[in-house]
Amino acid sequence: MKFTDFKVMTFDVVGTLIDFEAGVLGAVRALGGPRAAAASDDEIFEPYKRGRDKFYGRSSFAMKDVYLSLANECGFTNDDATAEAFQLAVLRWPAFADSVEALRRLRKNFRLVAMTNADRTAFSAYSATLGNPFHDSVTCDEAGCAKPDTRFFAFNRGRQSALGFQQWEILHVAQSQHHDIGVAKAEGFTTCWIERRQGQKGFGGTPDPKVITTPDFHFSSLKQLADAVDAERADTRAAA
């Protein structure tokens with residue numbers, strides 16, 4: 001299997017390209033008072049995930065309730081103004097250091113499509129942070145559901161097919177085993193796991209998967225993927 005077999009790369013955005021873990025930790029510690037500032041990563045991530053499960057609506061609206069849920073559970077500052085500040089911070093989550101440059105390089109050779117559980121408002125902010133690299137995008141607003149729902153993948157498969165791209169021409173690139181890699185592989189997509197937490201314990205701010213799915217490609221950063229693509233194309237040119 002070669003990268004030149006594919007015409008389209010579909011991307012999970014939050015967690016793969018946007019460093020939401022750094023965003024959540026930074027905002028909670030900055031806004032939540034002394035107890036939050038001293039909290040460990042897991043002491044923040046576990047109630048954050050429970051709060052997101054309770055308030056699973058559109059990310060540009062629901063995150064203030066997610067914050068209040070975790071703040072009440074942990075004894076952090078829990079007033080409405082703080083929750084609103086956390087909601088605003090969600091739209092300013094940073095890109096991983098390698099995301100912008102790697103996407104720029106990958107765009108030279110592939111159609112780039114975002115597949116994100118973020119809503120259209122939040123995705124617009126993240127796309128701007130990433131330099132607006134995508135040729136197309138699907139959010140929870142268009143799909144009417146969120147990953148790991150198989151309907152999300154079916155929606156985008158139909159969308160890309162209508163534009164002339166077949167499933168076998170698509171490589172799905174993602175960090176989350178739970179939201180993306182497992183379900184995408186089960187649905188017949190070729191997968192590339194960007195294991196952003198490689199070398200770290202646990203799954204951080206992402207739900208634990210029931211099983212670890214073996215991907216077709218596996219890297220610890222987006223830069224490594226872009227490097228591998230460039231190296232393959234260089235070898236192909238040299239052989240010609």
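This is a predicted model: local features need pLDDT of at least 70, side-chain atom pairs count only at pLDDT 80 or more; totals for chains, interfaces and linings use all residues.
Residues are numbered from 1 along each chain as its sequence is written, and side-chain values use heavy atoms, with hydrogens and water left out.

## Two helix pairs

Two packed helices are described by the angle between their axes and the distance between the axes. Helices here are DSSP runs (H or I, at least four residues) numbered from the N terminus, and their axes are lines fitted to C-alpha atoms over the stretch in contact, with angles from 0 to 180 degrees between N-to-C directions.

Helix 3 (residues 41-54) packs with helix 4 (residues 59-74) at an angle of about 130°, and their axes are 8 Å apart. The two are therefore oblique to each other, given that angles under 35 degrees count as roughly parallel, over 145 as roughly antiparallel, 65 to 115 as roughly perpendicular and the rest as oblique. Helix 3 passes helix 4 in a right-handed crossing; a crossing is right-handed if the near helix is turned clockwise from the far one by less than a right angle, and left-handed if anticlockwise. On the side of helix 3 the contact (heavy atoms within 4.5 Å) involves Glu43, Pro47, Tyr48, Arg50, Gly51, Arg52 and Lys54, and on the side of helix 4 it involves Ser59, Ala62, Met63, Val66, Ser69, Leu70, Glu73 and Cys74. The residues of this contact comprise 7 nonpolar, 3 polar and 5 charged, where Ala, Val, Leu, Ile, Met, Phe, Trp, Tyr, Cys and Pro count as nonpolar, Asp, Glu, Lys and Arg as charged, and the others, Gly among them, as polar.

Helix 6 (residues 99-107) and helix 11 pack at an angle of about 25°, with 9 Å between their axes, and are therefore roughly parallel to each other. Their crossing is left-handed. Helix 6 contributes Ser99, Ala102, Leu103, Arg105 and Leu106, which meet Leu222, Lys223, Leu225, Ala226, Asp227, Val229 and Asp230 in helix 11. This contact divides into 7 nonpolar, 1 polar and 4 charged residues.

## Individual residues

Arg105 lies in helix 6, and leaving aside its neighbours within four places in sequence, Arg105 is in contact with Lys223, Ala226, Asp227 and Asp230. Ala231 is found in helix 11 (residues 222-239), and its C-alpha atom is separated by 43 Å from that of Val66, 165 residues apart along the chain.

Phe76 is placed in the loop between helix 4 and helix 5 (80-90). With neighbours within four places in sequence left aside, Phe76 is in contact with Val28, Gly32, Arg35, Ala36, Ala39, Ile44, Tyr67, Leu70 and Ala71.

The table gives relative accessible areas, for which buried means under 20%, exposed over 50% and partly exposed in between (1.4 Å probe, protein chains only).

| Residue | Relative accessible area | Class |
|---|---|---|
| Phe76 | 6% | buried |
| Cys145 | 9% | buried |
| Arg105 | 13% | buried |
| Cys74 | 18% | buried |
| Ala231 | 39% | partly exposed |

## Cysteines

A disulfide is a pair of cysteine sulfur atoms within 2.5 Å, and by this rule the count comes to 0 disulfides. For Cys145, the closest cysteine sulfur is that of Cys140, at 8.8 Å, which is too far for a bond.
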